Amino acid sequence: MSRLTVLIVAVVLAFLVAAPMPEVAAKKYTVGENKFWNPNINYTIWAQGKHFYLGDWLYFVFDRNQHNILEVNKTDYEGCIADHPIRNWTRGAGRDIVTLNETKHYYLLDGKGGCYGGMKLAVKVEKLPPPPKSAPVKNIGSVSMVTGLAQFMVPVSLFAFPAMWDVISRMW
């Protein structure tokens, strides 16, 4: 491994350690779990208890010659009417993704007749809830927890980064 590569890796690792991590990431739901997108499955029950948030994905696995994924309005969803879909999410591979990129109700069904066998799914997409508020800082005598941690962390970081740099510089 070249010295430049080691230096780049060290800088990237230092950045990753210092960078804040996102609290919530988009989630991918495989529709129907291991039964996938097939007739005679109750997708209303499958969706119960799940919270769908902006940016999540619905991953559909199905036989592309027999089924598809259409987004329709609520009335067409209730009547299994696929004549004028809002959007056809099918891309032809039978491994298709519906990106939940709007806060709204999504009404999805199989427009090739599978809707009558239960192949329909309604989900409500919401904005992510705000992160929980942090607990108030507790005082330890006249020094707060934050100050106490800072008194520990600053000296550690003052020694850790120069030590890391020393190891890297010796490789040159």
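Strands β7, residues 105-109, and β8, residues 120-126, run antiparallel and are joined by five bridges. Within this predicted model, Leu-108 stands opposite Leu-121 in β8. Both strands belong to an open sheet of five, ordered β2-β8-β7-β4-β5 with mixed pairing. At its edges are β2 (52-53) and β5 (87-88), each of which pairs on one side only.

Let me turn to another pairing. Strand β3, residues 57-61, runs antiparallel to β6, and five bridges connect them. Here Trp-57 stands opposite Thr-99 in β6.

I come now to the rings. The whole structure contains six aromatic pairs. One of them, Trp-37 with Phe-60, is edge-to-face, at 4.9 Å centre to centre and 85 degrees between the planes. This pair links distant parts of the chain, 23 residues apart: Trp-37 lies in the loop between β1 (28-30) and α2 (43-47), and Phe-60 in strand β3. Trp-37 is buried, at 0% relative accessible area, and Phe-60 is buried, also at 0%.

The pair of Trp-46 and Phe-52 is tilted, because their planes stand at 40 degrees, with the ring centres 6.3 Å apart. Together with Tyr-29, these two residues form one aromatic cluster.

Finally, two charges: the charged end of Lys-28 sits over the ring of Tyr-59, 4.6 Å from its centre, and that of Arg-87 over the ring of Trp-89, at 3.7 Å.

Definitions and conventions
Residues are numbered from 1 along each chain as its sequence is written. This is a predicted model: local features need pLDDT of at least 70, side-chain atom pairs count only at pLDDT 80 or more; totals for chains, interfaces and linings use all residues. Side-chain values use heavy atoms; hydrogens and water are left out. Two strands pair if DSSP finds at least two bridges between them. Helices (H or I, at least four residues) and strands (E, at least two) are DSSP runs, numbered from the N terminus. Rings of Phe, Tyr and Trp (its six-membered ring) pair if their centres lie within 6.5 Å; planes under 30 degrees apart count as stacked, over 60 as edge-to-face and the rest as tilted. Buried means under 20% relative accessible area, exposed over 50%, partly exposed in between (1.4 Å probe, protein chains only). A charge sits over a ring if NZ of Lys or CZ of Arg is within 6 Å of the ring centre and within 35 degrees of the ring normal.
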